[in-house]
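Please open the model in a viewer and keep the selection panel at hand. The stops below proceed from one selection to the next.

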Amino acid sequence: MARPVQYNNKVKMVEIPDGYSGEGFYATSFDKAIGLARKNSIWPLPFATSCCGIEFMATMAATYDMARFGAERMAFTPRQCDLLMVMGTISKKMGPIVRQVYLQMAEPRWVMAVGACACSGGIFDTYSVLQGIDQVIPVDVYVPGCPPRPEGIIDGFMKIQDLVGQESLRRRNSDKYKELMESYGIK
């Protein structure tokens, strides 16, 4: 008689970082262990202003369920988040608010621009719309589309995970990173 319960045999396990293993122990570098932990526990802060926010709601719902990638906890306070997801049209009046939210986030922090409006101003080439949020804050990953499908948002999130997992603990103290921040007027 066949069992009524089917087990999922296609479970993907997280790859362990390079290291040395022996009987009863495993040794790796601190950077790799921290990268693995950060990669699988990202807390996003959604900054949604228009139709891309609706697609993001679909991404977080049961059908796509971004929580399975380690983004279980949505937080709406910048001090507890490490990923700023800017979605939708950002007006020039809203630019300083986006920047303030970014500055309130603790280091390390990452930014994902979701949708054509956040990436480049989209179809709104007007005096009042910011032509890409990279004019006010540095962006790590761009997700194109008007609006992007939930699969695109998940793909962008996975690219952020790759960046987070491979980032050195010392990168944020490098001269190149400090120059980038100074180019945006951030000290």
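Select Phe25 to begin: this residue is partly exposed, with a relative accessible area of 42%. The ring centres of Tyr20 and Phe25 are 5.9 Å apart and the planes stand at 45°, so the pair is tilted. Rings of Phe, Tyr and Trp (its six-membered ring) count as a pair if their centres lie within 6.5 Å; planes under 30 degrees apart are stacked, over 60 edge-to-face, and the rest tilted. By this rule there is 1 aromatic pair.

The model is a predicted one, in which local features need pLDDT of at least 70 and side-chain atom pairs count only at pLDDT 80 or more, while totals for chains, interfaces and linings use all residues. Residues are numbered from 1 along each chain as its sequence is written, and side-chain values use heavy atoms, leaving out hydrogens and water.

Next, display strands β1 (residues 19–22) and β2 (residues 25–28), which run antiparallel and are joined by 4 bridges. Strands (E, at least two residues) and helices (H or I, at least four) are DSSP runs numbered from the N terminus; two strands pair if DSSP finds at least two bridges between them. Ser21 has Tyr26 of β2 as its bridge partner. The hairpin has 2 residues between its strands, and Gly24 there takes a positive phi near 85°.

Step back to Pro17, in the segment before β1. Is Pro17 buried or exposed? Pro17 is buried, with a relative accessible area of 17%. Leaving aside residues up to four places away in sequence, Pro17 touches Tyr26, Thr28, Lys32 and Leu36, where a contact means heavy atoms within 4.5 Å.

Now select the open sheet of 4 strands, ordered β3-β4-β5-β6 with parallel pairing. Its edge strands are β3 and β6 (141–143), each of which pairs on one side only. Neighbouring strands are turned by 20° against each other on average, direction ignored. β3 and β4 pair in the parallel sense over 5 bridges, and Ala48 stands opposite Met87 in β4. Helix α5 (residues 150–166) packs on this sheet, touching β4, β5 and β6, and its direction makes about 160° with that of β5. Axes are lines fitted to C-alpha atoms, for helices over the stretch in contact, and angles run from 0 to 180 degrees between N-to-C directions.

Which residues of helix α3 (residues 95–104) are buried? They are Gly95, Val98, Val101 and Tyr102. These residues cover an arc of only 125° around the axis, which puts them on the same side of α3; the arc is taken from the directions from the helix axis to the C-beta atoms. They pack against β3 (44–48), β4 (83–87), β5 (110–114) and α6 (175–183).

A charge sits over a ring if NZ of Lys or CZ of Arg is within 6 Å of the ring centre and within 35 degrees of the ring normal. Select Trp43 as well: Arg73 lies over its face, at 4.3 Å from the ring centre.

Finally, show the whole protein, with its 6 helices and 6 strands.

Technical notes:
Buried means under 20% relative accessible area, exposed over 50%, partly exposed in between (1.4 Å probe, protein chains only).
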